[in-house]
Amino acid sequence: MSIEYGKYNFDNLGVKTYHQFLAQPKRMSTDGRQAKSSVVYEKFVIPYIKKTESIIDIGAGRMAYVNLLRSKGFNIHAYEPSLMVKGANKLDMKGIVNNILRAEKEVKNNGLFDWCILEAVINSVVDDEFEKAVLTTCNATLKSTGTLITCTRNIECVKKCTNKLNFAQEQRVLCIVLMTKIMLLALTAV
């Protein structure tokens, strides 16, 4: 293509990097406090994955879906650099390192991943280097025939939810599913 599109510039946003969990939609929790499910997982991951495939969730949050699918026999791994100790306001360094080592062992034994899930992470990126690091990590974890599934929040939803000050009641998620042979773009209500 000979069209020059330019580059998005974060400089004038005036936004500082903040804790990733603050930008996350409310969804299923590991302790049952939230019953809200993930549209990405429920509509675009679970119906398509097979137990013979390897999956990594980058930015897995509190790992509710990772733990759920693992308990059902799926080969799913997590990378969550902000994993918190349950009930405390501190990083779970042991959990973070264990997740990295588990994913590393999977790659050593079986090669790169068939699926990479990046749900509601890119919406928290506030500079070019962080964006590049996140997307490079996704690319580096996938087989050449692998599938990246990513999504971010829809601006209309953010405005609406911010006005209501209740993200848990009504959310809209823009899901972009990139598959090796097709591209599916879906706007869906939670």
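Which residues have the most contacts inside the largest nonpolar core? They are Tyr 41, Val 45, Ile 49, Val 66, Ile 117 and Ile 149, in a core of 21 residues. The model is a predicted one. Helix H1 (39-45), helix H2, strand E2 (75-79), strand E3 and strand E4 (142-153) each give two or more residues to this core. H1 gives the most, with five residues. There is also a second, separate core. It has twelve residues, among them Val 125, Val 134, Leu 142 and Leu 148.

Now step back to the whole chain. The protein has five helices and six strands. Read from the N terminus, the order is α-β-α-β-α-β-α-β-α-β-β. The chain has 190 residues, and 39% of them count as buried. Its accessible surface is about 11,700 Å². Carbon and sulfur atoms hold 55% of that surface. Take the contacts with a separation of 6 or more: 58% of them join residues 24 or more positions apart.

The structure holds one aromatic pair. Its partners are Tyr 41 and Tyr 65, and the pair is stacked. The centres are 4.5 Å apart, with 10 degrees between the planes. A pair of aromatic rings is described by just these two things, the distance of the centres and the angle of the planes. Tyr 41 sits in helix H1 and Tyr 65 in helix H2, so the pair ties together parts that are 24 residues apart in sequence. Are these two tyrosines buried or exposed? Tyr 41 is buried, at 1% relative accessibility. Tyr 65 is buried too, with a relative accessible area of 4%.

Stay with H2, which spans 64-71. Its buried residues are Ala 64, Tyr 65, Val 66 and Leu 69. These buried residues pack against H1, E1 and E2. An α-helix has 3.6 residues a turn, so residues three or four places apart point the same way. Met 63 lies in the loop between strand E1 (54-58) and H2. Its phi is near 70 degrees, a positive value in a residue other than glycine. Met 63 counts as buried, because its relative accessibility is 7% and the cut-off is under 20%. Just after H2, Gly 73 has a positive phi of about 95 degrees.

Next, strand E3 (113-119). How many of its residues are buried? Seven of seven are, and E3 is mostly covered. E3 pairs with E1 in the parallel sense, over three bridges. In E3, Trp 115 stands opposite Ile 55. Ala 120 lies in the loop between E3 and helix H4 (128-141). Its phi is near 55 degrees, again a positive value in a residue other than glycine. Ala 120 counts as buried, at 2% relative accessibility.

E3 also carries a charged partner. The structure holds one salt bridge. It joins Asp 114 and Lys 143, whose closest N and O atoms are 2.9 Å apart. Asp 114 is in strand E3 and Lys 143 in strand E4, 29 residues apart, and the pair links distant parts of the chain. Side chains of opposite charge can pair when their charged atoms come close. The two ends differ in cover. Asp 114 counts as buried, at 16% relative accessibility, whereas Lys 143 counts as partly exposed, at 30%.

Finally, look at Asp 57, which has its place in strand E1. Asp 57 counts as buried, at 4% relative accessibility. What does Asp 57 touch, not counting residues up to four places away in sequence? Its contacts are Tyr 41, Val 66, His 77, Ala 78, Tyr 79 and Ile 117. Asp 57 and Ile 149 are 92 residues apart in sequence, yet their C-alpha atoms are 9.6 Å apart in space.

How values were computed. Residues numbered from 1 in each chain as written. Predicted model: local features only at pLDDT ≥ 70, side-chain atom pairs only at ≥ 80, totals over all residues. Heavy atoms only, no water. Helix = DSSP H or I, 4+ residues; strand = E, 2+ residues; numbered from the N terminus. Buried < 20%, exposed > 50% of the residue type's maximum accessible area, 1.4 Å probe, protein only. Contact = heavy atoms within 4.5 Å. Areas by Shrake-Rupley, 256 points an atom, 1.4 Å probe, with all protein chains shown as cover. Core = buried A, V, L, I, M, F, W, Y, C linked by side-chain atoms within 4.5 Å. Pairing = 2+ DSSP bridges. Salt bridge = Lys/Arg side-chain N within 4 Å of Asp/Glu carboxyl O. Phe/Tyr/Trp six-rings, centres within 6.5 Å; stacked < 30°, edge-to-face > 60°.
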